[in-house]
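Please look over the structure below. This report takes up helix packing and aromatic ring pairs.

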Amino acid sequence: MIYNKKIFYILINLVLSNLIVFFVNANVVVSIKPIGFITSAIIDNILPVDVIVPDGSSGHDYVLRPSDEKKIKNTDFLIWSGSEIEAFMSKSVLHVPINKILVVTEIPAVKKLLIKIKEDNCIHQLKKQCIQDPKLPLNSKKYNMHFWTSPDIAKIIAIEIYKKLSEIMPQYKEKLNQNLKQFEISLNNIDKQIMMQLAPIKNKKYFVFHDAYIYFEKHYGLSSLGHFTINPEIQPGVKSLYNIRKQIKEKQVTCVFAEPQFKPAIIDTVTRGIKINKGVLDPLGCNIKLSKDSYLKFLLQLSSQYNTCLKDKI
Ligand SMILES: [Zn+2]
């Protein structure tokens, strides 16, 4: 009897110590930084978050390094946007059990809010048919997948992360719930603040470098006249550059936005000799560190980047 008891205690200890080791080494892996911002708000002080696409790189054509593949294989929870936009992860994700994965674009409430790509995203028109970038994966041609700039979508993602993690690690449910509630309150406040900040510049005209901001713009009532490219790695055609220059000349355009990782000479060429503000929009928040408040900082940064360039014309 005593012997049995001893074995029982040894077994219990073994299970507990393994659990502790599991949670000490556990981590969450996300594909891109903005998803990391939302994730950090929910698992702050619980688990570390690892981002696959590093600062300065673009998710449009990232290639996984062997160390990334290892991270994906060993993670306890993986959050990514799905193969339609992040094709570079499709193969590695197959090594992760399905209950440890959250595909953001497959969350039904997110799916409903995805914005269809308009015809003007075609690289050119052929007999009224839209010819889109052949390098993009087939399905991504239907929707604009830069969903993370929408505060509404961010909230839905946060709730889903909370639900999934509460299932995987029920012992943290209360803390996760607290973090979620706090995130929702802070996000609502920041949202109102940004609404007010951007209200006076709603009618200003501008061009963005690539079409990564449509969700943010729709939410806050801004609208760009257009973008230079749908994939920053692909140079826009001469004809579309000519059209952009023509519009800049004719339509009292206040600002043209570049991006931190792409400061192409094209923008200088197109605006040569024209008095116009030049700004920078960062769709990935590459200078922002992951933290409980990083998503809020990201939205505030976008807002102030719009505001600085659109406030007054030089
Ligand atoms: Zn993009």
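The model is predicted.

**Helix packing**

Two packed helices are described by the angle between their axes and the distance between the axes. Helix 2 (residues 33–43) packs on helix 6 (residues 151–168) at an angle of about 50°. Their axes are 9 Å apart. Helix 2 and helix 6 are therefore oblique to each other. Their crossing is right-handed. Helix 2 contributes Ile38, Thr39, Ile42 and Ile43 to the contact. Helix 6 brings Ala154, Ile157, Ala158, Ile161, Tyr162 and Leu165. By class, the contact has nine nonpolar residues, one polar residue and no charged residues.

**Aromatic pairs**

The count comes to 13 aromatic pairs. Two of them share Tyr306:

| Pair | Centre to centre | Angle between planes | Geometry |
|---|---|---|---|
| Tyr213 and Tyr306 | 6.5 Å | 90° | edge-to-face |
| Phe257 and Tyr306 | 5.4 Å | 65° | edge-to-face |

Tyr213 sits in the loop between strand 9 (206–210) and helix 8 (214–220), while Tyr306 belongs to helix 11 (residues 294–310), so their pair ties together parts that are 93 residues apart in sequence. Tyr213 and Tyr306 are buried.

The pair of Phe257 and Tyr306 also links distant parts of the chain. Phe257 lies in strand 11 (residues 255–258) and Tyr306 in helix 11, 49 residues apart. Phe257 is buried too.

Which residues do ring pairs link into a cluster? They are Tyr206, Tyr213, Phe216, Tyr220, Phe257 and Tyr306.

Methods
Residues numbered from 1 in each chain as written. Predicted model: local features only at pLDDT ≥ 70, side-chain atom pairs only at ≥ 80, totals over all residues. Heavy atoms only, no water. Axes fitted to C-alpha atoms, helices over the stretch in contact; angles between N-to-C directions. Helix = DSSP H or I, 4+ residues; strand = E, 2+ residues; numbered from the N terminus. Parallel < 35°, antiparallel > 145°, perpendicular 65-115°, else oblique. Left-handed = near helix turned anticlockwise from the far one by under 90°. Contact = heavy atoms within 4.5 Å. Nonpolar A, V, L, I, M, F, W, Y, C, P; charged D, E, K, R; others polar. Phe/Tyr/Trp six-rings, centres within 6.5 Å; stacked < 30°, edge-to-face > 60°. Buried < 20%, exposed > 50% of the residue type's maximum accessible area, 1.4 Å probe, protein only.
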